[in-house]
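User: Hi! I have a fold open on my screen and would like to talk through its packing with you. Could you take my questions one by one?

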Amino acid sequence: MAQEYQIRIEGHLGNQWADWFDGFSITLEADGKTLLSGPVPDQPALYGLLRKVRDLGMPLISVNQVYSIKGENIMDTKVNTYRTTAKVVGALYIMGFIVGIAGSVLGAPGQLDTVSARSMMIAIGALLWVIAAAGDAAHGVMMFPILKQNNERVALGYLSARLVEAAVIAVSALFILLQIPLGAEFLKASASEIPYLQSLSTLFAQSQAYTYQIGMVALGMAGLSLCYGFYRAKLVPQFFVIWGFIGYVSFLLGSMLEVLGFNLQLLHTLPGGLWEMSIGVWLIVKGFNSAAFVFESAKE
């Protein structure tokens, strides 16, 4: 038995598209959206209809089964759930960018003889890095069910790389914190002990730099997995996918060069960092391309 469906998309379609949508009625709404209404005989027909919506490239707002069992609308619920997820993930991108910069500024130990005077700021900087690491892990967890719909291996790869990155960044924050007791000992040290403490401080600083760059290598791998997932599922516009690939390749290769001793002055992080800010704003304002995961649901 055919079920009546209403599909709402962003933007206006002309009536000439009625044949393309198998005779569905087209209603242009005052807020700039288009409402498609009509009967759908079965799941394969719904699958084909949603594929056409996806191919149009117009954002899908909602899919409503007018006469659904007990008034439930599984697809519409899924669209709303992933719209919320997109906003949270976008906010995490922006928060991570800001917190990472603040942590870098506050968490720089500087000269060992000034560490004790700045111990509170250094501790706050290290804590901000831990918060950023938790946000990185949250990225992987929240994106897993979305990416899994299209490719479970990509979803697992992204989650794993994000967790590795978060763990390594947390270790990097620990090396920052170790400078605080070292600075306190430096103020009480005798002249013969000062060179030893300075060498130990240098060792901690270099270890922090290495762990950070290894974390960025993991971030590069995670980002490439994410962009591939975006490409396969068409969750975001293709220019974001291309920009993301460029940014995360830069992260990956640049961080490897830093580990090998090249000083790139963090220039390799600019394309990816700007991408994360931009995609964060996009996800908050526009969200994912809803047609992508509704399309996948129709195949089930």
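User: Which helix is Leu50 found in?
Analyst: Leu50 is in helix α1, residues 43–56. Helices here are DSSP runs of H or I with at least four residues, strands are runs of E with at least two, and both are numbered from the N terminus. This is a predicted model, where local features need pLDDT of at least 70, side-chain atom pairs count only at pLDDT 80 or more, and totals for chains, interfaces and linings use all residues. Residues are numbered from 1 along each chain as its sequence is written, and side-chain values use heavy atoms, with hydrogens and water left out.

User: Does Leu50 count as buried or exposed?
Analyst: Leu50 counts as buried, because its relative accessibility is 1%. Buried means under 20% relative accessible area, exposed means over 50%, and partly exposed is in between, using a 1.4 Å probe and protein chains only. The C-alpha atoms of Leu50 and Phe21 are separated by 9.7 Å, and these residues are 29 apart along the chain.

User: Let's switch to the strands. What does β1 pair with?
Analyst: Strand β1 (residues 3–10) pairs with β3 in the antiparallel sense over eight bridges. β1 also pairs with strand β4 (residues 60–65), again antiparallel, over five bridges. Two strands pair if DSSP finds at least two bridges between them.

User: Which residues stand opposite each other?
Analyst: Gln3 has Val40 in β3 as its bridge partner, and Arg8 stands opposite Ser62 in β4.

User: And Ser37, where does that lie?
Analyst: Ser37 lies in strand β3, residues 33–40. Its relative accessibility is 14%, so Ser37 counts as buried. Leaving aside neighbours within four places in sequence, Ser37 is in contact (heavy atoms within 4.5 Å) with Glu4, Tyr5, Gln6, Phe24 and Ser25.

User: Now the nonpolar core. Which residues touch the most other members?
Analyst: In the largest nonpolar core, which has 51 residues, those are Tyr93, Met143, Phe230, Val236, Trp275 and Phe288. A nonpolar core is a set of buried Ala, Val, Leu, Ile, Met, Phe, Trp, Tyr and Cys residues joined through side-chain atoms within 4.5 Å. Elements giving two or more residues to this core include α2 (74–106), α3 (119–148) and α6 (194–233). α3 gives the most, with 11 residues.

User: What is Val236 in contact with?
Analyst: Setting aside neighbours within four places in sequence, Val236 is in contact with Phe230, Val241, Ile279, Leu283 and Phe288. There is also a second, separate core of 16 residues, which includes Phe24, Ile26, Leu49 and Val63.

User: How many aromatic pairs does a search of the whole structure find?
Analyst: The search finds nine. Rings of Phe, Tyr and Trp (its six-membered ring) pair if their centres lie within 6.5 Å; planes under 30 degrees apart count as stacked, over 60 as edge-to-face and the rest as tilted. Tyr248 and Phe251 are stacked, because their ring centres are 5.9 Å apart and their planes are at 25°. These two are three residues apart in helix α7, so about one helical turn separates them.

User: And why is the pair of Tyr248 and Trp275 edge-to-face?
Analyst: Their ring centres are 5.3 Å apart and their planes are at 75°, so that pair is edge-to-face. Tyr248 lies in helix α7 and Trp275 in helix α8, so the pair ties together parts that are 27 residues apart in sequence. Tyr248 and Trp275 are both buried. Tyr93, Tyr248, Phe251 and Trp275 form one aromatic cluster.
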